[in-house]
Amino acid sequence: MKREHQESVAAGGGYPAAAGMMSGGKGKMMGMEEEDGGVDELLAALGYKVRASDMADVAQKLEQLEMAMTSSAAQDDAFLSHLASDTVHYNPSDLSTWLESMLSELNAPPPPLPSAPIPNNRSNQFELPPAPAAAVRAPILDPGECSTITTVDFPTPGRQSEYDLKPIPAAPGRVVYGSEPLAEENARDRKRMRTSSSSSSSSRGGGIGVGVGGMGSAMPAATEASSVAAGAATGALPVVVVDSQEAGIRLVHTLMACAEAVQQDNLKAADVLVKQISMLAASQGGAMRKVAGYFAEALARRIYRVHPHQDCSLDAAFSDILEMHFYESCPYLKFAHFTANQAILEAFAGCRRVHVIDFSMKQGMQWPALMQALALRPGGPPSLRLTGIGPPQTDNTDALQQVGWKLAQLADTIHVDFQYRGYVANSLADLEACMFEADASGNGNGGADEEPEVVAVNSVFELHRLLARPGALEKVLGTVRAVRPRIVTMVEQEANHNAGSFLERFTEALHYYSTMFDSLEGGGTAAAAAAEAAVGASMGQQDLVMSEVYLGRQICNVVPCEGTERTERHETLGQWRGRMTRAGFEPVHLGSNAFKQASMLLALFAGGDGYRVEEKEGCLTLGWHTRPLIATSAWRVAAAGAALPAASAAR
């Protein structure tokens with residue numbers, strides 16, 4: 001009989017009894033047994049003073065307490081919170097008296113309950129319970145009678161779903177929510193919780209704690225859960241506030257640490273870091289999240305050596321499509337075309353026969369504006385010959401010829417004498433100077449009495465690709481010198497992605513493309529509004545998205561690729577000045593007129609906010625705030641090298 005009642009008392013394992021004080025408590029209680037002879041020996045060993053004559057009464061009170069604790073009123077969270085915080089606690093070693101006090105508290109009229117929270121009707125979302133509070137030791141108890149802190153988990157009534165959230169084993173002081181175990185274990189745990197729940201009241205100010213599977217689990221410190229206890233008392237869910245700025249700093253540091261690990265060939269550390277980048281980027285918004293995603297992809301390609309072989313013709317066709325969207329969404333290509341056209345137009349002043357060689361023909365978007373400017377020139381338009389260079393197409397169609405037909409139709413409309421020729425080449429290094437000579441028949445324009453052609457060579461974002469193959473740039477510049485142009489216009493990215501170590505290149509690229517994405521995010525608002533008014537909101541948003549892909553493809557070439565595969569080898573204006581000077585060219589000042597008109601173009605495009613045009617040693621740069629991003633420069637053959645033989649083109 002005694003053992004049966006002892007099991008009913010200790011089944012919960014949650015009564016305030018310290019394992020470390022077992023032997024001392026046992027000795028103390030044995031002494032008390034001698035003084036008070038009818039005390040049950042087994043319960044006395046556990047630290048509880050129960051007379052043998054009171055065993056039946058204690059068992060009855062335990063049953064009553066269990067029924068009261070499982071009643072509908074006692075299961076209300078607010079009532080339990082009131083009971084835990086406002087109860088006057090008695091010495092639990094006197095089990096009979098302690099049970100009477102608990103029953104009197106439970107039988108008292110319950111306090112008014114707070115208003116029920118507004119139910120959350122959102123589907124497919126779990127509502128986590130309020131964060132549990134750690135129980136606090138009762139200071140009024142003697143050290144010998146004070147018990148360890150025990151945490152108790154009360155099940156939510158009426159929830160039988162397998163997706164119920166309950167604690168799973170975790171480190172002390174932490175609460176982790178997971179799916180509920182099997183039904184048999186749930187029933188046993190709920191019974192254990194009911195029988196051990198009374199111990200939660202034995203601590204002064206004892207908030208309801210969440211233990212491990214309903215078992216007793218001591219919290220390491222009460223101060224760690226003080227703020228959580230306040231949230232539990234008010235019924236409010238804890239809110240985790242993520243500092244976006246701090247997360248952004250961590251994101252940049254992780255990117256740099258991953259790049260450093262890649263440079264040191266520590267691929268194991270780089271693998272761990274690159275996986276963290278995506279998680280950190282999720283806390284960011286706008287441009288930072290997007291640029292971090294592309295750099296994470298680029299780092300992953302380098303770490304895992306994923307360099308899918310792409311068809312050059314297909315890649316070129318897709319790049320042309322992306323570039324068209326980039327042209328519409330931001331002013332960089334418009335600025336490049338406008339400033340180059342202005343320099344060419346000034347070089348063609350007073351000339352009757354002009355020839356433009358375009359190294360980046362693509363869709364021919366640059367030339368309708370120049371043709372219209374020539375048509376409006378005083379004295380009538382000159383005879384215009386245009387030669388376009390482009391890569392082969394995947395479907396074997398003559399895309400360059402199609403562009404030529406469209407330009408010819410425009411020329412006929414504005415009454416400009418126009419000739420067009422297109423050359424398909426895998427590389428600009430395949431070109432020869434003889435390919436640009438005028439047709440011998442000339443269609444009436446090649447006679448000896450005719451004025452010689454004035455040649456202009458134009459390159460927009462093309463020459464940096466030649467740096468991937470040694471000697472290719474020198475070969476192309478030699479060919480340009482051989483055709484004796486009056487002016488060479490060149491537009492390139494204002495960045496250094498072709499020198500130094502991998503970490504230096506990565507750092508420069510991160511700064512450059514972060515600024516570029518910022519400009520798309522900030523300056524793209526006015527462009528999107530203009531596109532929305534013209535062609536609809538979906539088209540304007542599509543331009544922005546495709547422009548991000550256009551830049552992302554560059555990132556995925558600058559970071560992971562090496563050797564001839566790394567074609568995005570951008571260099572600064574100073575570096576290009578050195579290369580052009582060594583090749584026998586000298587700079588041509590673009591003039592203040594081009595600067596003023598470029599500034600007006602930006603004002604019309606995006607309100608002038610954010611974008612900045614600067615003049616730098618006769619060249620024009622366009623940037624976002626204080627960072628130049630692209631640069632337009634003009635060149636001509638230096639006087640000292642004008643008489644060099646054309647054979648130098650074969651170097």
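Is H497 buried or exposed in this predicted model? Select H497 to begin: with a relative accessible area of 0%, this residue is buried, because buried means under 20% relative accessible area. H497 is found in the loop between strand 7 (487–493) and helix 17 (502–535).

**Around H497**

Next, show what H497 touches, leaving out residues up to four places away in sequence. The list is R505, E508, A509, Y512, Y513, V558, R566, E568, R569 and H570. Keep two residues from that list, Y512 and Y513, on screen.

**Aromatic pairs**

A search of the whole structure finds 10 aromatic pairs. One of them is formed by Y512 and Y513, whose ring centres are 5.0 Å apart and whose planes stand at 90°, so the pair is edge-to-face. Y512 has 1% relative accessibility and counts as buried. Y513, at 0% relative accessibility, counts as buried too.

Now select Y611 and W624. Their ring centres are 5.0 Å apart and their planes are at 75°, so this pair is edge-to-face. Which parts of the chain does the pair link? Y611 is in strand 9 (residues 611–616) and W624 is in strand 10 (residues 619–624), 13 residues apart. Both Y611 and W624 are buried.

**Helix 13**

Move to helix 13, residues 332–347. From the first C-alpha to the last, the 16 residues of helix 13 reach 23 Å, close to the 22 Å expected at 1.5 Å a residue. How many of the 16 residues in helix 13 are buried? The count is 13, and the helix is mostly covered.

**Charges over rings**

Select K334 and Y327. The charged end of K334 sits over the ring of Y327, 4.3 Å from the ring centre. Then select R302 and F502: R302 lies over the face of F502, at 4.2 Å from the ring centre.

**Confidence**

Finally, colour the chain by pLDDT. The chain averages a pLDDT of 73, and 58% of the residues score at least 70. Over residues 237–241 the pLDDT is below 50, and this stretch has four contacts in the model beyond near neighbours in sequence. Another stretch to select is residues 641–651, where pLDDT stays under 50. For residues 641–651 the model has 12 contacts beyond four places in sequence.

Notes. Residues numbered from 1 in each chain as written. Predicted model: local features only at pLDDT ≥ 70, side-chain atom pairs only at ≥ 80, totals over all residues. Heavy atoms only, no water. pLDDT = per-residue confidence, 0-100. Contact = heavy atoms within 4.5 Å. Helix = DSSP H or I, 4+ residues; strand = E, 2+ residues; numbered from the N terminus. Expected span 1.5 Å × (residues − 1). Buried < 20%, exposed > 50% of the residue type's maximum accessible area, 1.4 Å probe, protein only. Phe/Tyr/Trp six-rings, centres within 6.5 Å; stacked < 30°, edge-to-face > 60°. Lys NZ or Arg CZ within 6 Å of the ring centre and 35° of its normal.
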